[in-house]
Amino acid sequence: MIDELPGPTRRLLIELYDWVRGESESQNTIASDFTFTRRQVRESLHWSTSPLRIHLERLCQHEYVISHGRSQGMVRYILLYDGAGREGQPSLLGLVDAASLVEPESNL
């Protein structure tokens, strides 16, 4: 749940989610394929270098964001967060909603 995150870290997560969605839509890609650097986030969201580094690292520790490797000496990231829990509702990242499951068809 994103409620477990400190306020500034949660704010970065929500801002990142909105930004990644917008960027991926403008590039006709899905959000899970969109990679970004800290520099891109800093310039787009207007965060200072040190707070961004600290809170992005927290998001990586909680697995809302993952490091995707290096490109031209810069670490690239992917946002795993799907937007759930923004309004305080409980959510667990990566789990399937049980209500969306269907019984498999029997081939007897």
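Predicted model: local features only at pLDDT ≥ 70, side-chain atom pairs only at ≥ 80, totals over all residues.
Me: Why is Phe36 called buried?
Reply: Buried means under 20% relative accessible area, exposed means over 50%, and partly exposed lies in between, with a 1.4 Å probe and protein chains only. Phe36 has 0% relative accessibility, so Phe36 counts as buried. Trp19, with a relative accessible area of 12%, is therefore buried by that rule, and of the 108 residues of the protein, 31% count as buried.

Me: What makes the pair of Trp19 and Phe36 edge-to-face?
Reply: A pair of aromatic rings is described by the distance of the centres and the angle of the planes. Rings of Phe, Tyr and Trp (its six-membered ring) pair if their centres lie within 6.5 Å, and planes under 30 degrees apart count as stacked, over 60 as edge-to-face and the rest as tilted. The ring centres of Trp19 and Phe36 are 5.8 Å apart and their planes stand at 80°, so the pair is edge-to-face. Trp19 in helix α1 and Phe36 in strand β1 are 17 residues apart, and their pair links distant parts of the chain. Ring pairs also join Trp19, Phe34, Phe36 and Tyr77 into a cluster.

Me: Which residues touch the most other members of the largest nonpolar core?
Reply: A nonpolar core is a set of buried Ala, Val, Leu, Ile, Met, Phe, Trp, Tyr and Cys residues joined through side-chain atoms within 4.5 Å. The largest such core has 23 residues, of which Leu12, Leu16, Phe36 and Val65 touch the most other members. Two or more residues come from each of α1 (7-26), α2 (38-45), α3 (49-61) and β3 (74-79), and α1 gives the largest share, seven residues. Where contact means heavy atoms within 4.5 Å, Val65 touches Leu16, Phe36 and Tyr77, among others, not counting residues up to four places away in sequence.

Me: How do you know that β1 and β3 pair?
Reply: Two strands pair if DSSP finds at least two bridges between them. β1 and β3 have two bridges, in the antiparallel sense, and in β3 the bridge partner of Thr35 is Ile78. The open sheet of three strands has the order β1-β3-β2, with antiparallel pairing; β1 and β2 (65-71) are the edge strands, each pairing on one side only.

Me: What polar contact does the side chain of Thr35 make?
Reply: A polar contact is a pair of N or O atoms within 3.5 Å; within protein, one must be able to donate a hydrogen and the other to accept it, and residues adjacent in sequence count only if both atoms are side-chain atoms. Thr35, which lies in strand β1 (residues 35-36), makes such a contact through its side chain with the side chain of Arg76 (2.9 Å).

Technical notes: Residues numbered from 1 in each chain as written. Heavy atoms only, no water. Helix = DSSP H or I, 4+ residues; strand = E, 2+ residues; numbered from the N terminus.
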